[in-house]
Amino acid sequence: MSASLAERPVCPDVLDADVTAPAPGALRPGAFGNAVGLSCRECGHLEQLGPHYACPECFGPLEVAYEFPAITREQIEAGPRNIWRYQALLPVPTDITESPNTEPGFTRLLRADNLAAALGLARLWVKDDSTNPTHSFKDRVVACALSAARELGATTFACPSTGNLANAVAAAGARAGIKTVVFIPSNLEHPKQVNSAVYTEQLVAVNGTYDDVNRLASEIAGEEEGWAFVNVNVRPFYAEGSKTLGYEIAEQLGWRLPDQVVIPVASGSQLTKVDKAFQELIALGLVEAKPYRIFGAQATGCSPVSAAFKDGHDVVRPVKPDTIAKSLAIGNPADGPYVLDICRRTGGAVEDITDEEVREGIILLARTEGIFTETAGGTTVGVLKKLVETGQLDTELETVVINTGMGLKTLDAVSDRVGPAAVIEPSYAAFAATGIS
Ligand SMILES: *Cc1c(COP(=O)(O)O)cnc(C)c1O
Ligand SMILES: [Zn+2]
């Protein structure tokens with residue numbers, strides 16, 4: 001990282017929101033698998049495993065550090081067909097497969113020849129995370145956060161959310177029998193509100209942006225006892241769940257890495273963890289080392305990371321979101337600087353597209369591959385198209401695009417653009433008059 005933390009927008013009220021840490025030795029042995037501590041991404045300080053997320057030395061973000069034993073492909077392949085096949089690589093106990101949890105992951109990796117032909121790409125895959133239990137990639141991160149929350153003795157499972165996270169927290173909490181409280185911006189799409197409220201009575205709609213909701217969550221985490229906010233005070237554990245997307249892509253390609261990956265960016269956590277996953281697989285000898293390029297996708301109406309990428313800045317300047325891609329509408333992305341670093345270091349890029357192009361991206365994926373994605377996926381597919389058109393993506397190389405969500409949650413985005421070609425009386429003459437053949 002070239003940017004010093006002092007140059008970064010750090011939200012100070014986030015820093016004192018740790019929930020009470022358990023007494024040393026209070027943790028169940030093996031509660032976090034092969035994880036050995038939490039290490040600071042800025043200064044390397046090692047902190048004990050617990051509900052911490054900010055470095056006590058420099059306030060940098062903490063991430064899970066491991067000491068991995070030798071792990072073979074065969075061991076992983078013998079595991080369950082969900083994210084827990086990668087238990088040894090995650091901060092979760094070995095008996096996680098027996099816990100009453102939703103079981104996300106091992107979603108399909110689809111060869112996308114039609115979309116590839118439409119865009120002029122040699123070889124393209126769609127990693128389709130719309131088939132997770134609550135229809136977004138957030139079920140992966142929530143499963144890991146829930147495991148940590150229970151091991152740390154949390155009594156309430158909570159989150160600030162742009163929508164999908166609230167759906168995943170509410171559902172996983174219901175199944176695990178733990179109280180949930182989920183916070184969303186009040187202007188969220190109606191289907192996403194219903195998709196949370198159906199699982200929990202405690203959905204709180206806040207009049208403000210996601211960034212306002214996030215600040216409020218940090219404040220509550222500092223005031224209330226026993227609350228695990230999945231993406232605040234147990235964020236290091238939550239974030240590790242995104243690594244499973246990277247592991248699955250590699251395993252499903254036959255234990256090898258793709259050349260290029262296009263990933264949507266909200267907080268930027270997912271993108272950084274796919275890179276971490278690839279690095280771990282290389283270090284463990286599970287895949288051959290090779291260069292790969294990582295690309296980030298944003299909607300122009302909330303594109304602070306793309307703007308910084310284009311300006312050559314290491315610092316991400318916060319924005320006030322204004323886009324239909326609400327699941328990506330984080331104006332002050334916590335992992336923004338790390339996304340910039342990864343995309344630059346791997347020879348990728350961060351790009352953004354208009355809301356109109358987001359809608360076109362949704363329809364393009366639906367009509368070429370039969371996958372109905374939400375606005376986040378429309379953003380990712382639309383950015384893929386723009387990267388090809390602007391020559392930033394190599395069309396000869398093998399590319400994976402990640403579809404992180406499901407179109408039924410954002411119907412309004414395209415409901416004006418698609419519909420009946422004709423409304424007719426039930427007669428052959430009326431049908432013939434339409435010209436449809
Ligand atoms: C949350 C979300 C993202 C982005 O996640 P980050 O890890 O915060 O960048 C992408 N797609 C969908 C559908 C999401 O809900
Ligand atoms: Zn530090």
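Me: What makes C58 partly exposed rather than buried or exposed?
Reply: This is a predicted model, and in it C58 has a relative accessibility of 24%. Buried means under 20% and exposed means over 50%, so C58 lands in between and counts as partly exposed.

Me: How do you know which atoms coordinate the zinc ion (ligand 2)?
Reply: A donor has to be an N, O or S atom within 2.8 Å of this metal. The SG atoms of C40, C43, C55 and C58 sit at 2.3 to 2.4 Å, so they pass the cut-off. Along the sequence, these donor residues follow the spacing C-x2-C-x11-C-x2-C.

Me: What do C43 and C58 tie together?
Reply: C43 is in the loop between strand 1 (35-40) and strand 2 (46-47), while C58 is in the loop between strand 2 and strand 3 (62-66), so the pair links parts 15 residues apart in sequence.

Me: Why is the site of the zinc ion (ligand 2) called tetrahedral?
Reply: The angles among its four donor atoms run from 98 to 118°. The label asks for all angles to lie between 85 and 135 degrees, so the site qualifies. For reference, the ideal angle for four tetrahedral donors is 109.5 degrees.

Me: On to charges. What makes E151 and R28 a salt bridge?
Reply: The N to O distance between their side chains is 2.8 Å, and the limit is 4 Å, so the pair counts. E151 lies in helix 3 (residues 138-151) and R28 in the segment before strand 1, so this contact ties together parts 123 residues apart in sequence.

Me: Are those two buried or partly exposed?
Reply: One of each. E151 has a relative accessible area of 18%, which makes it buried, whereas R28, at 38%, counts as partly exposed.

Me: How do you know that K127 and E248 form a salt bridge?
Reply: Their closest N and O atoms are 2.7 Å apart, which is within the 4 Å limit. K127 is in strand 5 (residues 123-128) and E248 in helix 8 (residues 243-252), so the pair connects parts 121 residues apart in sequence. Both residues are buried.

Me: Why does the pair E374 and K192 count, at 3.4 Å?
Reply: Because 3.4 Å from N to O is still within 4 Å. E374 sits in the loop between helix 12 (355-369) and helix 13 (375-389) and K192 in helix 5 (residues 190-197), so parts 182 residues apart in sequence are tied together. Both E374 and K192 are buried.

Me: How many salt bridges does the whole structure have?
Reply: The search finds 30.

Me: Last one. Why is D259 called buried, and what does its side chain contact?
Reply: D259 has 17% relative accessibility, and under 20% means buried, so the label holds. Its side chain makes a polar contact of 2.7 Å with the side chain of K290. A polar atom of the D259 side chain also lies 2.8 Å from the backbone nitrogen of E398.

Conventions
Residues numbered from 1 in each chain as written. Chains lettered and ligands numbered in written order. Predicted model: local features only at pLDDT ≥ 70, side-chain atom pairs only at ≥ 80, totals over all residues. Heavy atoms only, no water. Donors = N, O, S within 2.8 Å, 3.2 Å for Na, K, Ca; no water. Tetrahedral: all angles 85-135°; square planar, octahedral: opposite > 155°, others 65-115°. Helix = DSSP H or I, 4+ residues; strand = E, 2+ residues; numbered from the N terminus. Buried < 20%, exposed > 50% of the residue type's maximum accessible area, 1.4 Å probe, protein only. Polar contact = N/O pair within 3.5 Å; in protein donor to acceptor, adjacent residues only side chain to side chain.
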